[in-house]
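User: Please take me through this structure, one question at a time.

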Amino acid sequence: MKHSEAEQRAVRAGSVPKTMRAAAIDRFGGPEVLVVRDVPVPKPGAQEVLIALDTAGVGGWDASFRDGSSRSESKRMPLILGVDGAGTVVAAGSRVRRLKVGDRVYAYRYDNPRGGFYAEYVAVPAANAARLPDGLDLLHAGAIPAVALTAQQGIDDALAIKRGETLIVHGASGNVGSLAVQFAKLRGAYVLGSASGADGAAFVRRLGADAVVDGKREDLAAAARSFAPRGVDAILAFVGGKALTRCLDALRKGARVAHPNGIEPAPKKRRGLKLTAYDGEPGVRQFERLARAIEGAELKIPIAQSFELSEAARAHERLAQGHTLGKIVLRIRAG
Ligand SMILES: NC(=O)c1ccc[n+]([C@@H]2O[C@H](COP(=O)([O-])OP(=O)(O)OC[C@H]3O[C@@H](n4cnc5c(N)ncnc54)[C@H](OP(=O)(O)O)[C@@H]3O)[C@@H](O)[C@H]2O)c1
């Protein structure tokens with residue numbers, strides 16, 4: 001694969017500077033507290049790689065760290081936001097074998113103690129990064145590590161979806177949901193996607209759902225009953241609340257319900273249903289399996305809007321408006 005000029009500059013030996021630009025906060029608040037500043041480039045430890053980032057993903061969890069509703073383990077300010085992204089390895093610790101300088105990688109580490117991904121460089125354990133799957137460029141790769149691992153682990157681990165099963169993806173127009181629909185189709189499931197708005201419904205249909213309902217205006221439980229009259233086998237929920245609770249009545253006895261931690265309000269346990277709450281986890285095995293699914297599904301990765309690193313506050317304003325239908329990303333390096 002051809003490397004851009006910016007990447008070539010970054011991988012040239014000795015080209016890692018001492019300081020870098022990063023979008024960080026020094027107090028909790030609205031998007032305006034997110035400001036670009038000069039901070040030290042982290043030095044990779046023995047098991048870590050240093051990545052010159054091209055793209056960073058922007059997600060709801062970043063806004064929670066920004067406004068203080070989620071607290072970082074690291075109490076230090078300034079706090080660099082961002083949990084995932086993609087770029088080129090520019091340095092590798094002495095014990096790293098799997099990755100090398102010059103590899104194009106994508107990576108995910110939630111609340112990275114070495115600093116977040118809204119930055120020119122990030123240091124992460126090598127197990128939190130992987131080479132790009134075939135056909136994925138740095139822009140699209142940087143948009144998906146957190147959401148794709150979460151989507152796939154919902155389908156393959158929490159629910160263990162099998163060919164021919166019926167599945168509801170609730171919140172299918174969102175970032176995790178839009179990928180979960182595609183991974184469920186890859187496994188041969190029949191998918192009813194609940195989306196937000198007519199445009200959200202059209203978006204989810206384009207991603208391959210067999211049936212779609214506007215979950216904000218239509219009755220999801222009724223749609224589920226006509227989708228699978230003998231009862232739906234499983235539901236993967238990316239939104240909590242009344243529509244989800246009512247929809248649980250449309251599941252068959254023994255059906256599985258799963259959701260990532262963080263949806264509000266989370267569904268309560270119910271007799272006759274198997275409820276699983278989980279977190280999307282990075283790791284060598286997880287990234288290998290994700291690569292196979294990305295290649296198998298010919299994954300569509302919609303990007304709603306991209307912003308320069310210096311526009312991180314604007315990216316958060318856009319995030320707060322909701323209804324993005326695709327991922328918001330920061331473009332850190334031109335090229
Ligand atoms: N624990 C973990 O590892 C983990 C990892 C990733 C995500 N999460 C959690 O998973 C959840 C989803 O994340 P995300 O990034 O995919 O969020 P998102 O992009 O905001 O997705 C939610 C989607 O659901 C739609 N929606 C809202 N109400 C609906 C309804 N009644 N019926 C149908 N659709 C509805 C939203 O539409 P509008 O935007 O138009 O309202 C949006 O398209 C979040 O709670 C996040 O914190 C957890």
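Backbone and ligand site

User: Where is the place of H323?
Analyst: H323 is found in a loop, with helices (H or I, at least four residues) and strands (E, at least two) taken as DSSP runs numbered from the N terminus. The model is predicted, so that local features need pLDDT of at least 70 and side-chain atom pairs count only at pLDDT 80 or more, whereas totals for chains, interfaces and linings use all residues. Residues are numbered from 1 along each chain as its sequence is written, and side-chain values use heavy atoms, without hydrogens or water. The loop that holds H323 lies between helix 10 (312-321) and strand 16 (327-331).

User: What is the phi of H323?
Analyst: Most residues other than glycine have a negative phi. H323 is not a glycine, but its phi is positive, at about 50°.

User: How much of the area that the ligand exposes alone does the protein bury?
Analyst: Among the polar contacts (N or O atom pairs within 3.5 Å), a polar side-chain atom of S196 lies 2.6 Å from a ligand oxygen atom, and a polar backbone atom of N261 is 2.9 Å from a ligand nitrogen atom. Taken alone, the ligand exposes 920 Å², by the Shrake-Rupley method with a 1.4 Å probe. Of that area, the protein buries 78%.

Terms used. A polar contact is a pair of N or O atoms within 3.5 Å; within protein, one must be able to donate a hydrogen and the other to accept it, and residues adjacent in sequence count only if both atoms are side-chain atoms.
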